[in-house]
Structure formats: structure tokens, C-alpha cells
Amino acid sequence: MSIALLQHVVQLLLVEAITGPVWWYTGGLAFMLRWMRERSARTWYRLAISLWMRNIMVPMFGQYDWQGRIISFFIRLFQVIARCIVFGFAAVWYAVVVLLWCVAPLAVLYFIFAPLFL
């Protein structure tokens with residue numbers, strides 16, 4: 001292996017060591033925040049919470065008597081509450097993933113350099 005090739009490899013590694021963390025906390029973090037927003041919107045759509053809320057006063061199965069309306073209202077209310085709880089758990093999970101994205105390089109540096117100072 002020639003000296004010029006070795007110098008080029010070392011130079012590339014140094015450039016990556018400097019530009020990598022900069023990208024991780026700028027472009028990479030922006031990507032992760034977009035991912036979190038898109039996944040949250042997709043989860044909201046998949047759970048159809050807006051649809052359940054829009055139809056909360058509509059009787060189910062064509063039961064237009066007062067008993068059918070009352071039962072339909074409480075069934076849909078329960079569905080909306082349960083689906084909002086599921087959405088809340090999903091949103092917290094997405095936030096944890098983004099937080100782990102931010103902490104990962106710091107954890108790697110800690111585990112690399114901590115044994116050197118013990």
C-alpha cells in the first residue's frame with residue numbers, strides 16, 4: 001500500500017469524523033423529525049380517530065330510536081378515548097426514538113472513552 005493511498009484514507013476518515021456529527025445533529029435530526037411527523041399522521045389516519053369523532057352522534061346500524069342513539073354514542077365515545085390512548089402511546093414511542101437518535105453518538109463516545117479514564 002502506498003503512502004499516498006494511506007494519507008488519502010486518513011484524510012477521508014478525519015473529514016468524516018468532523019462532518020459526521022454535524023450532519024447527525026442537523027440534516028439527520030431534521031430527517032428524524034419529519035419521520036416522526038409522518039408516522040404520527042399515518043397512525044392518526046390508520047386509527048381513524050377523526051372519522052370516529054365526526055360520526056359520534058350518528059346511530060349505528062340504523063337504530064334511530066333513543067336506545068340505539070344512546071348506545072351508539074357511548075360505544076363511539078369509548079372507541080375515541082381508546083384510540084386516543086393508543087395514539088398517545090405511539091406518539092411517545094416516536095418521541096423516544098428521536099431522543100435515542102440524539103443520544104446515540106454521545107453514548108458511543110462515552111463507551112469508547114470511559115474505559116480510558118478508569
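Which exposed residues does the face of H2 turned away from its buried side carry? That face carries Arg37 and Tyr45, where exposed means over 50% relative accessible area, buried under 20% and partly exposed in between (1.4 Å probe, protein chains only). This is a predicted model, in which local features need pLDDT of at least 70 and side-chain atom pairs count only at pLDDT 80 or more, whereas totals for chains, interfaces and linings use all residues. Residues are numbered from 1 along each chain as its sequence is written, and side-chain values use heavy atoms, with hydrogens and water left out.

**Helix H2**

- Helices are DSSP runs (H or I, at least four residues), numbered from the N terminus.
- The buried residues of H2 are Gly28, Met32, Ser40, Thr43 and Leu47.
- These buried residues line one face of the helix, because they fall within an arc of 115° seen down the axis of H2; the arc is that of the directions from the helix axis to the C-beta atoms.
- They pack against helix H1 (3–25), helix H3 (49–54) and helix H4 (66–113), with contact meaning heavy atoms within 4.5 Å.
- Ala48, which follows H2, has a positive phi, near 55°.

**Aromatic pairs**

- The whole structure holds seven aromatic pairs (ring centres of Phe, Tyr and Trp, its six-membered ring, within 6.5 Å; planes under 30 degrees apart are stacked, over 60 edge-to-face, the rest tilted).
- Trp23 and Trp101 form an edge-to-face pair, 6.2 Å centre to centre with 70° between the planes.
- This pair links Trp23 in helix H1 with Trp101 in helix H4, 78 residues apart.
- Trp23, Trp24 and Trp101 form one aromatic cluster.

Technical notes:
Helix = DSSP H or I, 4+ residues; strand = E, 2+ residues; numbered from the N terminus.
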